[in-house]
Amino acid sequence: MRIALFATCIVDAMYPETAKSTVKILERLGHEVIFPKAQACCGQMHMNSGYMPEALPVVENHINAFDTEDYDVAVAPSGSCVASVKHQHPFLAERLGKPELKERAKAVGARTYELTQLLVDVLGITNAAEQLGSYFPETITYHPSCHGMRSLGLGDRQLDLLKTVGGITVNELPEADQCCGFGGTFSIKNADVSSAMLEDKVKNICSTGASACSGGDASCLMHIGGGLSRTGAKPKTLHLADILASTMEETVSL
Amino acid sequence: MTQVFLGMPAGGQGNLFEQEPFPKAAHRELGNTQMRKNLRHATHSIRDKRLKVVGELPDWEALRNAGSTIKNNSMATLEERLLEFEKNFTARGGVVHWARDADEANKIVTDLVRGTGATEVVKVKSMATQEIGLNEHLESEGIDAFETDLAELIVQLGQDKPSHILVPAIHKNRTEVRDIFLKEMPVVDPNLTDEPAKLAEAARAHLRKKFLAAKVAISGANFALADTGTLGVVESEGNGRMCLTLPETLITVMGIEKVLPHWEDVEVFMQLLPRSSTGERMNPYTSLWTGVTEDDGPQNVHIVLLDNGRTRALADRFGRTALNCIRCSACMNVCPVYERTGGHAYGSTYPGPIGAILSPLLTGIEVEENGSLPYASSLCGACYEACPVKINIPEILVHLRGEDVDAKREKHKLPTQMDLLMKGGSWALGKGKNIGLLEKALPLGRLAAGKDKKIKKLPGIAAGWTKSRDIPAPPNKSFRDWWSDEKESK
Amino acid sequence: MSAKDEILGRIRTALADTPVTEEVPREYRTTSTMSQEQLIELLVDRLVDYKAGVEVIEAEQIPEFVASKLKDASSVVYPQGLDARWLSALGSEVELRLDAPGARLSVAELDATSAVVTSSAVSVAESGTIILDGQPDQGRRAISLVPDHHVCIVPVSTIVQLLPEAMPRLSITRPLTWISGPSATSDIELERVEGVHGPRTLDVLMVRGL
């Protein structure tokens, strides 16, 4: 399959390793990965902050970059950005009275998958150790990010895949389904509430005794990681793509 | 974009407003550790109960789909539904009144009570009368209104404000409730314990005489059935039955959005509502009445149909589904923001996720006080998942943020920091080559991070982030550049 | 302009985009899959969960069970349409008070009455709900409300599994009271406790062969 990588702005700029991991996993399975260079961002920050006219060029850019016949499916290592592409892009187009853009947005959305959605639902991966050679000899816990869990309905896809990584121990995170408090500019506009939510998340992660908290969204992990780092807590954060890409030969270190 | 709405309700809208911006109110409430403990306990126990009873129904999603469609249809044909209800309710001996806003509704009710000669009324919990501030108004007119729902009683006796739509005293624990009873009830056992059953018994004793002697009762309604003219009240304690049955005069105040097209629709909502709200298979008591029944219950029966901003919300085609709300409170029970700030932080009668959309929809987002409400959410989506009528609260929150930014754009001459950030971001993220250009500066960020590779302090509005979180040092090279160097050059 | 005209005008303006109505997808369950014995068992389970007293008995046992439930009562009110034989085993010390058209008990008299016996119209097993619709064997609403103890007869033939099955059996415009256990509240810490303003004791006699 020819797979277009939608790296997402935060991974592109801040966590390039996660995008490389995504490429590695897919190439390991024998697929061809392309990176449409016109891509930049899904525009979620603008939309969620209420800046709709400012979001429009960002959304249009994404649709222009991905509304091509050049690939079979698009994939992103993010539940949140994929949910934005699938749900928010058509909504913005509708809201701004652009029916043509809405149709194009829906078409792009229909071909865009979150990484584990693609791996499990399309590529039939159920055992990471066997099918991807994944190996990661650490004890981790896992935070299911809200948009992946609720907007995309990922269910246990991410957790189940992580559990099948070779050498791994996955400790259950108490109150896992509770938001970490990131919410984009919510973390700035309502910093106090956001911090109170983060505090509980950090506490719960530390209670698992894991050396890392994994998840499917770099943004939430940056938020959680920022809280862990500030409180001097031991656990690190690591995107699940990096864990799935880790192998016996090239083991990712924390 | 939402059309400009011309028929704007004028005059007093009652208790629908923030007194201060949400972040400020939230900051204060977050410091109330006892309240946070109480709320955490209550919301967590109700979450589990709700999941259990919802999980019992194999057709829960089918019920949600039906409930959502029935409500949408009702809103789409609201004029016909209301006229049909009026015709049927009137034919059965009821009297229908219409109120444009809170002030008008308060006046209608006051005049009706006066007409009976009564100087006191008993009340069964009603969001609509809370919204319009009826009790305060009656009091100013020399009429005593006695709340009879246990939680409302706790709030009224404690001279407090409701903080939850189902359990208005959710922010109080049993010991605090006992203390209020001991202090405020004229006749009370001084050895009253904080056992909930004993507290319920004290409330029974306190209100019994009031019920038996009441001449006038005021209620809300959970639904009105257009094709039969029937009203329904869903409750637990029997205080509702007392109010709806014993007095001679019954005055119901109900928002116009509560009307359902067909009486069979009750079968959908009476499955959705109790399980979503108290986490019970069914609430202890539900009463339905159609106008006046000879020889049974009140013989003077009135309803006040209340607009108070509902038509304004209806005009917003991206926000109107907020009117589908059946006031179950599931959204606030699952909300991580509500759990930590409590209901008082939202100012309005309607707190939590539904309040964050409903209040500004009813008043208009341009009302400064309510402009901060749509931001009171991390958009985690737990509310949408729990909503029995599938109101897409996160989407409406985002829509209202858009309305707020647009409204402020017109007001402010100078752009705010956020405006500038978003404008800059729009350019930077609007083209692959623009973000690519900026990413060339990533090594500068590494310099800012220093030795321990953490950025600990940011200026301006971003300081909110670094108050409690570090930012990692950025990488040397973006993925985009790595791709160019490693993949394309080979 | 009247408030009514103005509000209706606002509604028309608000709906200028003429949103469409859709066929309601009623794909939820509307027919029972249970035998009568299963229905009885389910209803018993639900009512017990609500802390109601429940007995499953034969028709001829009604007087005996009514008497045993009301052994501590000093007075009992009953509606005119109730089968008077059901009260025949009550002790002579129990005062029987008939509530009939033209001879209504006052609220104060009801308050001074220990208990009430009524029949019921239909019961929903899945939610443990007994519905009274004001027929002569159930009486007006006040009599099943003010006395602190309610003994309610539920003929097993009136039990359905699902709420949608109960709806066609109701005359919706009569005053309806749906009862799911004795009065209760969840207002303190969202925990349910039984016994507030409505009858604090609910005894349900589920009767076969009635």
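This report describes the interface between chain C and chain B in a predicted model.

## Extent of the interface

Chain C puts 76 residues in contact with chain B, and chain B answers with 104 residues. Interface size is often given as the accessible area lost when the parts come together. Here the area buried between the two chains is about 7,700 Å². Carbon and sulfur atoms give 58% of that area.

Three residues of chain C lead the burial: C:Arg10, C:Leu190 and C:His197. Together they supply 12% of the area that chain C buries against chain B, more than any other three residues.

## Salt bridges and polar contacts

There are 16 salt bridges between chain C and chain B. One pairs the side chain of C:Arg46 with that of B:Glu56, at 3.8 Å from N to O.

## What chain C presents

α1(C) gives the most, with ten residues.

By class, this side of chain C has 36 nonpolar, 24 charged and 16 polar residues.

## Strand pairing across the chains

β9(C) also pairs with a strand of chain B, β9 (residues 285-290). The pairing is antiparallel and runs over four bridges. Within it, C:Leu176 of β9(C) is the bridge partner of B:Leu288.

Technical notes. Residues are numbered from 1 along each chain as its sequence is written. Chains are lettered from A and ligands numbered from 1 in the order in which they are written. This is a predicted model: local features need pLDDT of at least 70, side-chain atom pairs count only at pLDDT 80 or more; totals for chains, interfaces and linings use all residues. Side-chain values use heavy atoms; hydrogens and water are left out. Contact means heavy atoms within 4.5 Å. Buried area is the accessible area (1.4 Å probe) that two parts lose on being put together, summed over both. A salt bridge is a side-chain nitrogen of Lys or Arg within 4 Å of a carboxyl oxygen of Asp or Glu. Helices (H or I, at least four residues) and strands (E, at least two) are DSSP runs, numbered from the N terminus. Ala, Val, Leu, Ile, Met, Phe, Trp, Tyr, Cys and Pro count as nonpolar, Asp, Glu, Lys and Arg as charged, and the others, Gly among them, as polar. Two strands pair if DSSP finds at least two bridges between them.
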